[in-house]
Amino acid sequence: PVVIGSGRTADVCLRDTAVSTKHCEVLEGPDGIVLVRDLGGLGGVAVNGMRLKHAEIRPGDGITIGPFLLRVVEAHRTFEVFDPETFVETPGARAEKGSLCIELVVLWQGKVVSTEHLSPGSQYTASSRPGSDVLFPDGILPSTEPYAVLAKEGRSSALNLSLDGMKGRVRSRTGTIDDVAALRGEGKHKIPIEFGVRARLDIDGFTFLIAGEASAPRPKRGGVTRESATVLIMLLLSFLIHGSFMVGLSLRPEDALSLSPVDYRDQFAVLEVVRLTQKEEEEKEKEEIEKLEVKDQDKGKEDAKNESAVVDKLSVAEKKERDMNIAKETIEETYDDEEIQDFIQNDSDTSQKYANLMQRADGAGPTNDNESFDQNLFNPSGGGPGSPLSGSGVNGADGLASADGTSVTGLSKSDLSGERLDIKFKKKRRKKTLVKAGSLKIRGGYDRALIKQYIRRQLRQLKWCHQKAIQRNKNVGGTIVVEFYIEVTGRVGYAKIKRSTAKDSQLEACVAEKMGRWRFPPAKDGSTAVVTYPFIFKVVN
């Protein structure tokens, strides 16, 4: 068999990401037929536009493999192993059956350069310039014009012996063998090619072996083979099914009811029961999700209460240090390393803000209630007591200082009467991210940003899988790397777990199932992609 694929060991190599290493193979079937068989390549194999696992191919058929279209052509058979020295003396290998075919073999210093099977009326030329059938070195031919070794004579072809310096021998149809020089001396510069004519023509280091033979007959088909019988049975079943369907459509409803022994009311009742059962399952699933959300909210309130009690015991410097650490963690959980580096490189303002944040997270901050920040976290140009955004504490005794030096009352810890008030500002609880996507790897021409944007929108489905897993085991977590294939239409062809540290088969199966139903927006250039994407599931405890 002949293997077609993108690998180095393939007999026919097609380099493209849409072609597998061993995509398909071409092999000989029973009774001399030729078959193509799919070896499980991406996108499969289509013969004349129809995707098949295996099929017979004939001359004129088109085989589609990824972006490639291979056309099947018919080649004549060479029925003998020839010897250049005895080629002319050896008679034809078979009788004159079938149409005339011209077999031509070109040798250069004893090595085969080309083998051709030509029909009558064909022309074969040689020249020292591109555009001819065989290319000669400079100096062999007297001019740069193409020389017709095989000349066209109406509907037939003839040997052209008019070149000076040509040597060789010619065997006629009757079996007589003449030297090329003798034939030229007799004025026979062109010898028609008929059945049984064989010639050897030597031009410098090139040798042309030409013979007129009968074309190979088509192999005779035997009786009905197993493959043809299978196809016949499938066609018959398809005809019966489609015929019954068309007859059913042509019947009136009362005729169909009278012919059917089944009481349709029972069928409708069964369908109604199935529909109600599905609705109950959906409602039950919805209730479970709502219970999980309520439980998370209650737990969040309790955590916030405990956190508030702990914060009240901290000093001002410890509170500021804690706030900065929370801000740093929020950025690292919201964005991955690739996005942070992209922000820093493309926006100098963002770069300064991030540097300020990292500096504050290392411990910088006010040490008492009356000290203001000398530089605002979100104002890289700097702040201070005279800046509109300076500080988060109290400037002076009554309020926050504005840009022109005036103070704004109502923001200090004392009211208008001057009495000290015990005011506590409740911090908004930061939502903890339990599932996030890592850095993707893509093979193909699909847009990377489009894939990342779509996956972030669908993370809710993977969070649902994680919540179901947490109900079974609170310590479920880890990284699950998923490999999936995006087809031309945007549909996910397959999604499989490449590797995982979660150690939970049900969570992995749920993730693969959810992603297998995704449908990305189709690429504008009609390209496909194989994507490897890690998802990080954090442990709740």
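Trainee: Why does C24 count as buried?

Mentor: Its relative accessibility is 0%. Buried means under 20% relative accessible area, exposed over 50%, and partly exposed in between, using a 1.4 Å probe and protein chains only. C24 is therefore buried. C101, at 2%, is buried by that test too.

Trainee: What do such values rest on?

Mentor: This is a predicted model, where local features need pLDDT of at least 70 and side-chain atom pairs pLDDT 80 or more, while totals for chains, interfaces and linings use all residues. Numbering runs from 1 along each chain as its sequence is written, and side-chain values use heavy atoms, without hydrogens and water.

Trainee: How do you know that C465 and C510 form a disulfide?

Mentor: Their sulfur atoms lie 2.0 Å apart. A disulfide is a pair of cysteine sulfur atoms within 2.5 Å, so the pair qualifies. The whole structure holds 1 disulfide. The angle about the S-S bond is -65°, a left-handed link. It joins distant parts of the chain: C465 sits in helix α9 (residues 459-472), C510 in helix α10 (residues 505-516), 45 residues apart. Helices here are DSSP runs of H or I with at least four residues, strands are runs of E with at least two, and both are numbered from the N terminus. Both C465 and C510 are buried.

Trainee: Why is the pair of Y454 and F520 called tilted?

Mentor: The centres are 4.5 Å apart, and the planes meet at 45°. F520 is in the loop between α10 and β27, so the pair ties helix α8 to a part 66 residues away in sequence. F520 is buried, at 2%.

Trainee: Which residues does I455 touch?

Mentor: Leaving out residues up to four places away in sequence, I455 touches F484, W518, F520, Y533 and F535. Contact means heavy atoms within 4.5 Å. I455 lies in helix α8 (residues 448-457). Its relative accessibility is 0%, so I455 is buried. I455 and Y533 are 78 residues apart in sequence, with C-alpha atoms 9.6 Å apart.

Trainee: Is I233 buried or exposed?

Mentor: Exposed: 51% is over 50%. I233 lies in helix α2 (residues 226-250).

Trainee: Which residues form a nonpolar patch on the surface?

Mentor: I233, M234, L236, L237, F239, L240 and I241, with about 770 Å² of accessible area together. The area comes from the Shrake-Rupley method with a 1.4 Å probe, and for residues only the protein chains shown count as cover. Patch members need over 30% relative accessible area and no salt bridge; nonpolar side chains (Val, Leu, Ile, Met, Phe, Trp, Tyr) are joined within 5 Å, like charges within 9 Å. A salt bridge is a side-chain nitrogen of Lys or Arg within 4 Å of a carboxyl oxygen of Asp or Glu.

Note on methods. Phe/Tyr/Trp six-rings, centres within 6.5 Å; stacked < 30°, edge-to-face > 60°.
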